[in-house]
Amino acid sequence: MSSRSNAATWPPWPPEVPPYRRPGPPSEPPTPHPPPSPPPPVPIIPSWEEPDPTQRDIDVAGRLLEQRVIVVGGHLDDPLANGVAAQLLLLANRDSRPIEMHVSCPESDLDASLALADAVDLVRAPVHVIVRGALGGPAVAVLCAAQERAAHRNAILVISLPPSWAEGTAGQLRVHAEQQEHKVARIRDLITRTTGRTRSEVDSDLRSGRVLSADEALEYGLISRVL
């Protein structure tokens, strides 16, 4: 082998040395990032809604029914009379304990008053009616149908009939007048039976409209006691 070939197989001399680099400061470990802070709490704002007065009245009426108390107020018309009659039947079917009815109806319809008076008379449980405020018109029949009758000292009772009107042919008007007279006679008989007054006196008071205080109603015989 020639010297040329031997020189080619050896590494170059002196070996190459990389340039000197000054070492830098020791590297610090990376600072860990802090965990994300939780979101601020959502403030709790109290909410208030005005209760529904209709629902409130229903709740109060239900609690009174549990105590066998019925409150009748306002214009005594057919819807009100039907609702009260349903309450009477409901309580009377539960048991035979007395039912207390507080009545304040300054205005009333003839048919509705007679229908409610019939319901008071037909239920098996005794009904005690207490008049508060004013009771006027044919609604007095409801008072007369009760087993016990009382009134607050400042109550006002009016013995009167509502105005009546009708339209139609002569025959229809005649039938209406006969029906009206029959209904008036029923109220007159109820008041007569309750108070012991004569039919002519009661009929005169109904047609003229007699106003009685609680003490006068007691003397008249419409109520048995003043509260």
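Start by selecting helix H7, residues 199–208, and colour its buried residues: Val202, Asp203, Asp205 and Leu206. "Buried" here means under 20% relative accessible area, "exposed" means over 50%, and "partly exposed" is in between (1.4 Å probe, protein chains only). Helices (H or I, at least four residues) and strands (E, at least two) are DSSP runs, numbered from the N terminus. Now look down the axis of H7: the buried residues fall within an arc of 160 degrees, so they line one face of the helix. That arc is taken from the directions from the helix axis to the C-beta atoms.

Before you go on, a word on what you're looking at: this is a predicted model, in which local features need pLDDT of at least 70 and side-chain atom pairs count only at pLDDT 80 or more, while totals for chains, interfaces and linings use all residues. Residues are numbered from 1 along each chain as its sequence is written, and side-chain values use heavy atoms, with hydrogens and water left out.

Back to H7. Which exposed residues sit on the face turned away from its buried side? Pick Ser200 and Ser208, and there they are. For the covered side, show strand E5 (156–159), helix H6 (170–195), strand E6 (210–213) and helix H8 (214–220), which are among the things that cover the buried residues of H7. Then click on Gly209, which follows H7 and has a positive phi, near 85 degrees.

Next, keep H6 and H7 on screen together. Their axes come within 9 Å and cross at roughly 120 degrees. Axes are lines fitted to C-alpha atoms, for helices over the stretch in contact, and angles run from 0 to 180 degrees between N-to-C directions. H6 and H7 are therefore oblique to each other. In this scheme, angles under 35 degrees count as roughly parallel, over 145 as roughly antiparallel, 65 to 115 as roughly perpendicular and the rest as oblique.

Now show side chains where the two helices meet. On H6 you want Glu181, Val184, Ile187, Arg188, Asp189, Ile191 and Thr192, and on H7 their partners are Arg199, Val202, Asp203, Leu206 and Arg207. Contact means heavy atoms within 4.5 Å. Sort these contact residues by type and you get 5 nonpolar, 1 polar and 6 charged. Here Ala, Val, Leu, Ile, Met, Phe, Trp, Tyr, Cys and Pro count as nonpolar, Asp, Glu, Lys and Arg as charged, and the others, Gly among them, as polar.

For another helix pair, select H3 (residues 78–94) and H4 (residues 110–122), which pack at about 5 degrees with their axes 9 Å apart. That makes H3 roughly parallel to H4. Asp78, Ala81, Val84, Ala85 and Leu88 in H3 meet Asp111, Ala112, Leu116, Ala119 and Val120 in H4. This contact has 8 nonpolar residues, no polar ones and 2 charged.

At 27% relative accessibility, Asp77 counts as partly exposed. Leaving out residues up to four places away in sequence, Asp77 touches Asp109 and Ala112.

Last stop: Arg68, in the loop between helix H2 (53–66) and E1. Buried or exposed? Arg68 counts as buried, at 4% relative accessibility. Most residues other than glycine have a negative phi, but Arg68 has a positive one of about 60 degrees.
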